[in-house]
Amino acid sequence: MLASQIGCLNDSMEMTYAFDLLQERMAEAMKSGRHARVQAGFERIIQRLESFRPEAMSVYVTSFTEDADSLSQWRGYAEGEAGFAIGFDPGCLAGASRHQASYLLKVEYDPDRQRALLDDVIRWTDEHFAPGEGSAGTASGDLWAEKFATGWLDTLTSLAACLKHPKFDDEREWRIIYYARDEDLARMQFIQRRATISRHIPLTYRPLAQVDAPSDPRLPITDIVIGPCRYLDSTRYAVADLLKARGYRLDADAAIKTSKIPYRLI
C-alpha cells in the first residue's frame, strides 16, 4: 500500500484550501479585537501560511472511499473499465496505524463544519499562546511566536489534509495521514506521471494479530469489487487465483463482488 506525497495528488488545492480558509478565519478574528493578547502569534502563523509549499511537506496520504461502486471513481481512477475497488477492514487500519505514527481520518467537505473546526483551532490558539509565553523556561517575544507557529502548523497538518473543496464530496474519502521520516528516503518510490514525478512511501498494514510478523506482507483485505468489465467471468477467476497465490483465505463467492453499474466503453 502506497502513501503519496500530499503535493502529488489530483486535487490542485491540497492543503492550500484548508490553509487559505484558516487565513481568512484568522484575519476575521484579529479584526474583531477578541484576540489582542495573541496578535503576535496570529501574525506569525499567517506569515508562515503565506509561504508554505505543499510539495515540500513531509505529509503523505493513502486515500480510501466509503463507496465501493461509484461511477465517477471508475471513470476517474480506473479509466472507466476493468478497475477494482479493494475493501479493507477499517478497524485493522486504525489499530495498525498506531504502530506507524499515522492516522486514519475522515475527510470533511461541508463548508459550515470546516469553518466551525477552524474557529475551534483559533480558540485553542488563543488559549495556549499567551499562557505558554515565557513560562517554565520557554522563549518570549518574537522567538516564542516563531516557535509556537512552527509547532502549531506541524500539529495542524493532519487536520488540513482532511479538509477538501466541497466539489470533491462525492468521493466520500477517508485518509491515512503519514509523516515521512529521514529513514523513509531509502525506500521511497518514484513514479513518472504525465506532467511530473510523484513520490510515494510503502506502508504496511496487516491484521492486528500479525503486527509482530514483519515477514507477512498481507493487508487486511475484506472484499474486492470488480468494476464495469466486458470479461467478467475471466476476471473473477483471475482475482480468486491472485488472492490464493498471495495467501489470502477469503471466500471467493462472498468476497469477490461485481459492479452494479451498467457502464461500458464503446
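**Close-up views of a predicted model**

**View 1. Strand β2 and its two partner strands.** Seven bridges connect β2 to strand β5 (residues 173-179), and the two strands run antiparallel. This and the following views show a predicted model. Within this pair, Tyr 60 is found opposite Tyr 178 of β5. Strand β1 (residues 2-5) also pairs with β2 in the antiparallel sense, here over two bridges, and Gln 5 has Tyr 60 as its bridge partner in β2.

**View 2. The open sheet of β3, β8 and β9.** Three strands make up this open sheet, in the order β3-β8-β9 and with mixed pairing. Because β3 (84-88) and β9 (256-258) each have a single partner strand, they stand at the edges, and one side of each is left without a neighbour in the sheet. On average, and with direction ignored, neighbouring strands of this sheet are turned by 25 degrees against each other. The pairing of β3 with strand β8 (residues 221-226) is antiparallel and extends over five bridges, with Ala 85 placed opposite Val 225 in β8.

**View 3. Helix α7 lying across the sheet.** Helix α7 (residues 232-245) lies across β3, β8 and β9, and runs at about 155 degrees to β9. With 14 residues at 1.5 Å a residue, α7 should span 20 Å, and the distance of 20 Å between its end C-alpha atoms agrees with this. The residues Thr 235, Val 239, Ala 240 and Leu 243 of α7 are buried. They cover an arc of only 135 degrees around the axis, and therefore lie on the same side of α7. The buried residues of α7 are covered by elements that include β3, β8, α8 (252-255) and β9, whereas the face turned away from the buried side carries the exposed residues Asp 233, Ser 234, Tyr 237, Lys 244 and Ala 245. Just after α7, Gly 247 adopts a positive phi of about 85 degrees.

**View 4. Two loop residues with positive phi.** Most residues other than glycine have a negative phi. Met 15, although it is not a glycine, has a positive phi of about 70 degrees, and its place is in the loop between β1 and α1 (16-32). Ala 82 is likewise not a glycine and has a positive phi of about 65 degrees; this residue is placed in the loop between α3 (71-77) and β3.

**View 5. Helix α2 and its buried residues.** Helix α2 (residues 39-51) has 13 residues, which at 1.5 Å a residue should span 18 Å, and the distance of 19 Å between its end C-alpha atoms agrees with this expectation. The buried residues of α2 are Gly 41, Phe 42, Arg 44, Ile 45, Ile 46 and Leu 49.

Conventions:
Residues numbered from 1 in each chain as written. Predicted model: local features only at pLDDT ≥ 70, side-chain atom pairs only at ≥ 80, totals over all residues. Heavy atoms only, no water. Pairing = 2+ DSSP bridges. Helix = DSSP H or I, 4+ residues; strand = E, 2+ residues; numbered from the N terminus. Axes fitted to C-alpha atoms, helices over the stretch in contact; angles between N-to-C directions. Contact = heavy atoms within 4.5 Å. Expected span 1.5 Å × (residues − 1). Buried < 20%, exposed > 50% of the residue type's maximum accessible area, 1.4 Å probe, protein only. Arc of directions from axis to C-beta.
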